[in-house]
Amino acid sequence: MGVVIIDGSTVKNFVTDEENFNESMDESFAALDLNEDGVLCRSELRKAFESLRLIESHFGVDFATTPEELNQLYDSIFDKFDLDGSNTIDPQEFKSEMKKILLAIADGLGSCPIQMALEDDDRSNFLKKAADLEAAKLVANHGGGS
């Protein structure tokens with residue numbers, strides 16, 4: 001377990017670094033595309049959001065959400081990602097919406113740094129990737145601290 005400190009600029013820098021952002025989104029998309037058909041269906045995107053447990057907790061405390069409420073919420077999330085109304089999400093739609101989400105997180109953080117405890121081997125966490133990218137740039141710009 002490691003601790004990273006990030007603020008809005010950390011996240012914005014990750015999103016604007018197109019090479020790293022696109023590579024990260026491609027890896028995440030591939031991991032979510034369980035049947036490897038090149039698009040995400042409703043169940044694949046839902047499984048991803050369920051694994052994050054963002055919806056079933058409120059400040060870390062579980063609360064009851066009816067199945068109907070969850071279905072409506074997951075459907076509305078899917079519909080936001082499905083920009084062309086094809087009932088699937090292609091890699092470009094995924095990247096576009098993830099960029100919006102991450103920039104909204106960056107705006108919300110602003111210049112106020114936060115500490116996050118993250119698993120060292122969690123390669124799918126976008127905020128960890130943003131922090132790792134910033135750390136790598138700092139090391140490169142300062143010659144490894146020698």
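**Notebook: rings, helices and core**

I began with the aromatic rings in this predicted model, and by the pairing rule I used, the count comes to 3 aromatic pairs. I took up the pair of Phe14 and Phe21, whose ring centres are 5.8 Å apart and whose planes stand at 70°, so I wrote it down as edge-to-face, the cut-off for that label being over 60 degrees. I then looked up the burial of the two residues, and found that Phe14 is buried and that Phe21 is buried too. Elsewhere I noted that Phe29, Phe81 and Phe94 are linked by ring pairs into a cluster.

**Overall layout**

I stepped back to the whole chain and listed 6 helices and 4 strands, which follow one another from the N terminus as β-α-α-α-β-β-α-α-β-α. Of the 146 residues in the chain, 34% are buried. I also looked at contacts between residues at least 6 apart in sequence, and 67% of these join residues at least 24 apart.

**Helix H1 and its partners**

How do the axes of H1 and H2 lie, in angle and in distance? I found an angle of about 85° between them, with the axes 5 Å apart, which makes H1 roughly perpendicular to H2. On the H1 side the contact is made by Phe14, Val15 and Thr16, and on the H2 side by Glu18, Asn20, Phe21, Ser24 and Met25. Sorted by class, the contact of H1 with H2 has 4 nonpolar, 3 polar and 1 charged residues.

I next turned to helix H1 (residues 8-16) against helix H6 (residues 126-141), where the packing angle is about 90° and the axes are 9 Å apart. H1 is therefore roughly perpendicular to H6. From H1 I listed Thr10, Val11, Asn13 and Phe14, which meet Phe126, Leu127, Lys129, Ala130, Ala131, Leu133 and Glu134 of H6. By class, this contact of H1 with H6 holds 7 nonpolar, 2 polar and 2 charged residues.

**The nonpolar core**

Which residues of the largest nonpolar core touch the most other members? Among its 30 residues, I found these to be Ile6, Phe14, Met25, Leu45, Phe81, Phe94 and Leu102. Two or more residues each come to this core from strand E1 (2-6), H1, H2, helix H3 (42-52), helix H4 (67-81), helix H5 (91-109) and H6. My course note beside this entry reads that, in soluble globular proteins, nonpolar side chains tend to be buried together.

Beyond four places in sequence, Ile6 is in contact with Val11, Leu109, Cys112, Pro113, Ile114, Met116, Leu127 and Ala131. I also looked up Ile6 and Ala130, which are 124 residues apart along the chain, while their C-alpha atoms are separated by 8.2 Å.

For Phe81, again setting aside neighbours within four places in sequence, I listed contacts with Leu45, Phe49, Ile89, Glu93, Phe94, Glu97, Met98 and Ile101.

Notes: Residues numbered from 1 in each chain as written. Predicted model: local features only at pLDDT ≥ 70, side-chain atom pairs only at ≥ 80, totals over all residues. Heavy atoms only, no water. Phe/Tyr/Trp six-rings, centres within 6.5 Å; stacked < 30°, edge-to-face > 60°. Buried < 20%, exposed > 50% of the residue type's maximum accessible area, 1.4 Å probe, protein only. Axes fitted to C-alpha atoms, helices over the stretch in contact; angles between N-to-C directions. Parallel < 35°, antiparallel > 145°, perpendicular 65-115°, else oblique. Contact = heavy atoms within 4.5 Å. Nonpolar A, V, L, I, M, F, W, Y, C, P; charged D, E, K, R; others polar. Core = buried A, V, L, I, M, F, W, Y, C linked by side-chain atoms within 4.5 Å.
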